[in-house]
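Thanks for coming, everyone. Please bring up the model, and I will walk you through it.

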Amino acid sequence: MAKLRRDPINGRWIIVNVEEPSKPDDFEKEQHIYKGDNCPFCYGHENLTPPEVDAFRKPGAQPNTPGWQVRVVPNKYPALENSGNLDRRAVGIFDMSNGIGDHEVIIDSPNHKATLDELNDHEVEAVVRMYCRRATTLIEDKRFKYILIFKNHGPSAGASLEHEHSQLIALPMVPKNVLDELHGSHHYYNFRGRCVFCDIIFQENQEKERIILENEDFISFCPYISRFPFEIWVMPKKHSPYFCHMEDREKANLSKILKQTLSRLKKILYDPAYNFIIHTSPIDETNKESYHWHIEIMPKLTRVAGFEWGTGFYIVPTPPEVAAKYLREVK
Amino acid sequence: MPELRKDPIIGRWVIIATERAKRPDDFKSPPEGPPEGECPFCEGKESHTPPEIRAVREGHRRPNTPGWKLRVVPSIKPILRIEGKLDRHGQGVYDVMNGIGAHEVIIETPKHIDNISDLDTQQIVHTINCYKERLIDLEKDPRFKYVLVFKNYGWAAGGGRVKHSRSQLIATPVNPKRVKEELAGAHRYFEYHERCVFCDLIKQEMASKERVLIDIDGFIAITPFASRFPFEVWILPKKHSCDFIKLESSDMKDLAEILREVLLKIKKGLGNPPYNYILHTAPFRRFKPGYWRTVDQDYHWHIEIMPKLTRVAGFEWGTGFYICPISPEKAAEFLRGVQI
């Protein structure tokens, strides 16, 4: 019999197939068709992207030329555009506004073929530092209420270019999913006086069976209330609402655990498509005790269908306990 | 300039960003299904499914034999099972219970036809009537709070390998979050305006006409103002009613016809894309103090059709925002022009 598990943060239910768990080989494998040539994210093709907004490069090197390690450019097909005013208005019973925001592409490295886990520790750290730097810079713009940083890896996860990159979107309002999570964790805090995420870490440490990796500052585990098979959360052990307030040591430790976790995921599932999303508190949030930033990694192994759309339930064919065991034991 | 639009019911924002339609995209090609002769849903293959729960047959033929027009069978791989107790309990910070529920497959035709829009209207009337009868029957089981009726057509929409037209229903032991959000949103609107948000929406769409696809006596098909997906279509009954179970037999032919026309326009105009459709209806309203006082007034059942032409990626997962690469006005204009 399947088990229904409830997410204590936002109340969603997950259906976990505990009887006949799907094994890594049971999932459809992601097709990576190598295109290579004329990639706008490779050295020498800097003129194929809009002019860069930021980069880590050797001192003295010119912008929009080779020699960079991480490069940030505006998205060529932005979901939101950074010009004009917000202009919220009504259309009869409907509400609308201009699509003000910012949409940037963070090119993780100049290496066309390297996935994030294949970069060395320093290179991954440069990506993490750039995430923090862009978020810190953009939040200065008072029109923006939330900065979302995420990665789409592989065609099934929505990546349209194969050269590894991340994305950042600055939004003029706090999005619904983030609000749900904030409300849920705030509600928990009001009732118990503790952060729900700190409680989750405590419980995971007691039960151990869902933990994949751990270092001085971070823990990576398959959450009890995983929505997807082989879903992974990477969480700072110390309570902190803001991603971009990390100290240097924490940035280094995050890079290490992220690289090692993604490397395991890749080995066990043959380079699956995945999304990862940095969940962080909005910058002007007054309640700093109840929210706890973290990264959610969601491999795209199953198809979301009518049932999920209609109910908000998720069906998980591999229980997180089983997934974590695979991920711990892979060499 | 992209546009942000807010859904007035659940408060979800969507981004209408037409520039992004140029993004390159390639979908995985679906795996081959079994050939027609091996389809477990075809007439003559009744022994390949679990014993039927219900069927429409002419005369008094025996169950699980040929001669049917429509059959309902338990899912061979049920997501939730019918036997057992819920046994809800806590586990540390979490809640857990057994996966009790019902998961049924409604086989809409004895012939090996893939898309419901290729069936004749009478066959679709049988399907709609069957949705109603199954809802009435499942309401009698006090363990169930909600029944979701839906269709996954095509591989990218979660459809199976077998290309034989069918719907599914899943009875759940709790009211799903998404359903609760919609009910709460409609209730909020009603508290302030003392009117049903869906009735207001129908009135506004009928006045402006730009998002109307088909307008017949009892029903209207529109591309909603805050569409999440390109060519998303909603079919709503014009007469206020919160519960699909109350649909009268005399209205079923009109509903079948508008559903067939919309799906046929999507098939012909968009090159037979995968899609989901979902019946949005009120939960079972068993008496409970303080509950369901106004749902009869503030909720309005409808069907949402979502073609799968784009992919949901990190941004959508992270925010709950959807990026729609075509405006619903343009989508309605295009679909109106598709000859069927």
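Where is A:Lys208 found? A:Lys208 sits in the loop between α3 and β10 of chain A. Its phi is near 65°, a positive value in a residue other than glycine. A:Phe230 has phi near 65° too, again positive and again not glycine. A:Phe230 lies in the loop between β11 (218-221) and β12 (232-236) of chain A. On naming: helices (H or I, at least four residues) and strands (E, at least two) are DSSP runs, numbered from the N terminus.

Some ground rules. This is a predicted model: local features need pLDDT of at least 70, side-chain atom pairs count only at pLDDT 80 or more, and totals for chains, interfaces and linings use all residues. Residues are numbered from 1 along each chain as its sequence is written, chains are lettered from A and ligands numbered from 1 in the order in which they are written, and side-chain values use heavy atoms, with hydrogens and water left out.

Now the sheet in chain A. It is an open sheet of 10 strands, paired antiparallel, in the order β3-β4-β7-β9-β8-β13-β14-β12-β11-β10. Two strands pair if DSSP finds at least two bridges between them. Which strands stand at the edges? In chain A they are β3 (54-57) and β10 (211-214), each with a single partner strand, so one side of each has no neighbour in the sheet. Neighbouring strands are turned by 15° against each other on average, direction ignored. Take one pair from this sheet. Strand β4 (residues 68-74) of chain A meets strand β7 (residues 102-107) of chain A over four bridges, in the antiparallel sense. A:Val72 is opposite A:Ile106 in β7(A). Helix α1 (residues 121-138) of chain A packs on the sheet. This helix touches β3, β4, β7, β8 (146-153), β9 (165-171) and β13 (274-279) of chain A. Its direction makes about 150° with that of β3(A). Contact, here and below, means heavy atoms within 4.5 Å.

Next, helix against helix. Two packed helices are described by the angle between their axes and the distance between the axes. Axes are lines fitted to C-alpha atoms, for helices over the stretch in contact, and angles run from 0 to 180 degrees between N-to-C directions. In chain A, the axes of helix α2 (residues 176-192) and helix α3 (residues 196-207) come within 9 Å and cross at roughly 75°. That makes α2(A) roughly perpendicular to α3(A). The cut-offs: under 35 degrees is roughly parallel, over 145 roughly antiparallel, 65 to 115 roughly perpendicular, and the rest oblique. From α2(A) come A:Glu181, A:Ser185 and A:Tyr188; they meet A:Val196, A:Phe197 and A:Asp199 in α3(A). The residues of this contact divide into three nonpolar, one polar and two charged. For those classes, Ala, Val, Leu, Ile, Met, Phe, Trp, Tyr, Cys and Pro count as nonpolar, Asp, Glu, Lys and Arg as charged, and the others, Gly among them, as polar.

Over to chain B. Here 10 strands form an open sheet, with antiparallel pairing and the order β3-β4-β7-β9-β8-β13-β14-β12-β11-β10. At its end, strand β10 (residues 212-215) and strand β11 (residues 219-222) of chain B run antiparallel, joined by three bridges. B:Asp215 has B:Ile220 in β11(B) as its bridge partner. A hairpin of three residues links β10(B) to β11(B). Helix α3 (residues 197-208) of chain B lies across β10, β11, β12 (233-237) and β14 (302-307) of chain B, at about 110° to β12(B).

Last, the interface. How many residues of chain A are in contact with chain B? The count is 78 residues of chain A, against 78 residues of chain B. The area buried between the two chains is about 6800 Å², with carbon and sulfur atoms giving 64%. Buried area is the accessible area (1.4 Å probe) that two parts lose on being put together, summed over both. Between chain A and chain B there are two salt bridges (a side-chain nitrogen of Lys or Arg within 4 Å of a carboxyl oxygen of Asp or Glu). One of them joins B:Lys177 to A:Asp180, the closest N and O atoms being 3.6 Å apart. Thanks, over to you.
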